[in-house]
Amino acid sequence: MNRYVRELTDRLLAVRLALTGRVHQYPEIQALRRFLSAFSIDCVIDVGANRGQYATMLRKHAGFSGSILSFEPNPDIFAELSRRAASDAKWHVFNLALSDYDGTASFNIMAADQFSSLNMPAEAQDAVFADRNRVTRTVDMQCRRLESLLPELRAVHAFARPFLKMDTQGHDLSVCEGAGLALQEMTGVQTELGVRPIYEAGTGYRAMIDWLADRNFLPSAFFANNKGHFPLLVEMDGIFVNRALLPQEG
């Protein structure tokens, strides 16, 4: 009976997503629902939260009830993020960037705010992105390394099994490098993988997969992160599991 209820619930989710033009999110939601449950995740560190779309999806569709710590540097968008999180006692928001150093940096606000980044747009990018992924202004933002920030967050929010999600528009590797040894405390990592990077110094998907593998994070799922990628894939997301959580080989 439980299997039939689950299958019906999944089909209803697919219909709801299709009606709102978000059917491409279905594989991500299914993968996250299974991952967060299987590894008893109690905190999602949501880096590059924008307006809180990811956190909202976790609550509405992925069945996640733990703490969400959302980081968004854009001060204009952060105001909206704060309003959306205000009614959720376990959703906390921070107006700062995570990177590979503690200090200040110029944050590039793009014509379409979801493309805003610490990185500059690539000179050679698909025409579909050219008008939206261009700098309209810059703001000075505080940057923190996750390695130095994580003990502070844990002291306040008392989590034990965090999951790191990043959508920082070409800056994910710097976030991981700034995590240092604290990266090994993550149960898993979700990162945006550039097949055809649209930011200067953007990390290619093969390099990012190899970098994570060298630090014992193995692929769990891959999925396209945008419905408009055709006929060539531009970006995808990947979920990686910490090898320490897997059954020991041999």
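## The S5–S6 pairing

Strands S5 and S6 (residues 135-145) pair in the antiparallel sense, over 8 bridges. Two strands count as paired if DSSP finds at least two bridges between them. Strands here are DSSP runs of E with at least two residues, and helices are runs of H or I with at least four; both are numbered from the N terminus.

The model is predicted: local features need pLDDT of at least 70, side-chain atom pairs count only at pLDDT 80 or more, and totals for chains, interfaces and linings use all residues. Residues are numbered from 1 along each chain as its sequence is written, and side-chain values use heavy atoms, with hydrogens and water left out.

## The three-stranded sheet

S5 and S6 belong to an open sheet of 3 strands, in the order S4-S6-S5 with mixed pairing. Strand S4 (97-99) and strand S5 (103-110) stand at the edges. Each has a single partner strand, so one side of each has no neighbour in the sheet. Neighbouring strands of this sheet are turned by 50 degrees against each other on average, direction ignored. Axes are lines fitted to C-alpha atoms, for helices over the stretch in contact, and angles run from 0 to 180 degrees between N-to-C directions.

Helix H7 (residues 172-179) lies across S4 and S6. H7 runs at about 70 degrees to S4.

## The seven-stranded sheet

Another open sheet has 7 strands. The order is S3-S2-S1-S7-S8-S10-S9, with mixed pairing. Its edge strands are strand S3 (91-94) and strand S9 (217-224), each pairing on one side only. Neighbouring strands of this sheet are turned by 20 degrees on average, direction ignored.

S9 pairs with strand S10 (residues 235-242) in the antiparallel sense, over 7 bridges. Within that pair, Pro219 stands opposite Phe240 in S10. H7 packs on this sheet, touching strand S1 (43-47), strand S7 (162-166) and strand S8 (188-194). The direction of H7 makes about 150 degrees with that of S7. Helix H8 (residues 205-214) lies across S8, S9 and S10. H8 runs at about 160 degrees to S8.

How many of its 8 residues are buried? The count is 7, so H7 is largely enclosed by the rest of the structure. Buried means under 20% relative accessible area, exposed over 50%, and partly exposed in between (1.4 Å probe, protein chains only).

The buried residues of H7 are Asp172, Leu173, Ser174, Val175, Cys176, Gly178 and Ala179. Just after H7, Gly180 takes a positive phi of about 55 degrees.

## Salt bridges

The whole structure holds 8 salt bridges. Each has a side-chain nitrogen of Lys or Arg within 4 Å of a carboxyl oxygen of Asp or Glu. Lys165 and Asp46 form one, at 2.7 Å from N to O. The pair links distant parts of the chain: Lys165 is in strand S7, Asp46 in strand S1, and 119 residues separate them. Both Lys165 and Asp46 are buried.

Arg144 forms a salt bridge with Glu152, with the closest N and O atoms 2.9 Å apart. Arg144 counts as buried because its relative accessibility is 14%. Glu152 is partly exposed, at 42%. Glu147 and Arg145 meet in another salt bridge, at 2.6 Å from N to O. Glu147 is partly exposed at 28% relative accessibility, and Arg145 is partly exposed at 21%. Shared partners join Asp102, Arg144 and Glu152 into one salt-bridge network.

Gln190 lies in strand S8. Gln190 is buried, with a relative accessible area of 1%. Its side chain makes a polar contact with the side chain of Asp237, at 3.0 Å. A polar contact is a pair of N or O atoms within 3.5 Å; within protein, one must be able to donate a hydrogen and the other to accept it, and residues adjacent in sequence count only if both atoms are side-chain atoms. Leaving aside neighbours within four places in sequence, Gln190 is in contact (heavy atoms within 4.5 Å) with residues including Glu28, Tyr54, Lys165 and Phe223.

Glu28 sits in helix H2 (residues 26-38). Glu28 is buried yet has no salt bridge. The nearest side chain of opposite charge, Lys165, is 7.6 Å away. For charge, Lys and Arg count as positive and Asp and Glu as negative; His and the chain ends are not counted. Leaving aside neighbours within four places in sequence, Glu28 is in contact with Tyr54, Met57, Gln190 and Phe223.
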